[in-house]
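Subject: Structure for your review

Hello,

Please read the notes against the coordinates.

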Amino acid sequence: MIFAIDTCSLIALQYSGYLSTIAETVDIVITKRIHSELEEIGIFTNNDAAAAREILKLLHAITIVKVPQRSTGEEELVEVALQKKCDFIVSDDIRAVPKLKMTNTSTLFSTHLLYYLFRAGMISKEGGLIALEKMWNNRSWKENLIYITGIQLFR
Amino acid sequence: MLHVPRSEWLRMKLAEAVKKDLLKYREALAMEYTMGHISFEELQTAVGREAEDVRMISEMTQKGKKEVDRLFDE
């Protein structure tokens, strides 16, 4: 399984504590722009910065693909998803969803990757719910909605 | 040092606290909807237009769940 994942989803999954498990279980591809964004975020001293620095340590398990520069990050993610024949695009950016939906590649939230681990027998239901709570505590209203509705996945 | 009048500082602190509480209530209501404890109309009455976001994200979550299930059920 190949997943093209955007910056905010990577950070959310890092908060969940399961990004390294996911990186070992499935193939993750990101764009050069996402890599640069993580480096830029990592300069600061807040929680997102700490998460970004941890993600950069996992780069050995993540494929970075260089694609022609587009005006937005989501367009590049779509490009990489098509180029690498990804099974899924993962994004928690609600504003980007309409653009991502225009491709034939299915779009998932980061919460679905936790559900993937649950279905694969790699985490328990309780583990999934705790991971969602960790993601929930660190994000904005619309992103938090993704983690709140993610509870449905483990019911 | 920047001088901020006491009343203005207090107003700012109160606004911050209200904003935080409102977010908590909205999230609690979104969770109640997700769990099926309240209807979409009830959610809409409480949070207004943002109810549409909750419904859309909830539907996308269900759709994605089916796609992940398909991978394991095939």
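Of the 74 residues of chain B, 26% count as buried, where buried means under 20% relative accessible area with a 1.4 Å probe and protein chains only. This is a predicted model, in which local features need pLDDT of at least 70, side-chain atom pairs count only at pLDDT 80 or more, and totals for chains, interfaces and linings use all residues. Residues are numbered from 1 along each chain as its sequence is written, chains are lettered from A and ligands numbered from 1 in the order written, and side-chain values use heavy atoms, without hydrogens and water.

Chain B

Chain B has three helices and zero strands, these being DSSP runs (helices H or I, at least four residues; strands E, at least two). Its radius of gyration, taken over C-alpha atoms, is 19 Å, well over the 11 Å that the globule rule (2.2 Å times the number of residues to the power 0.38) gives for 74 residues, so chain B is more spread out than a compact globule. The C-alpha trace of chain B spans about 65 × 30 × 15 Å along its principal axes. Chain B exposes about 5600 Å², 57% of it supplied by carbon and sulfur atoms (Shrake-Rupley, 1.4 Å probe).

Chain A, helix α3

In helix α3 (residues 32–41) of chain A, the buried residues are A:I34, A:H35 and A:L38. They cover an arc of only 105° around the axis, which puts them on the same side of α3(A); the arc is that of the directions from the helix axis to the C-beta atoms.

Regards

Key: Buried means under 20% relative accessible area, exposed over 50%, partly exposed in between (1.4 Å probe, protein chains only).
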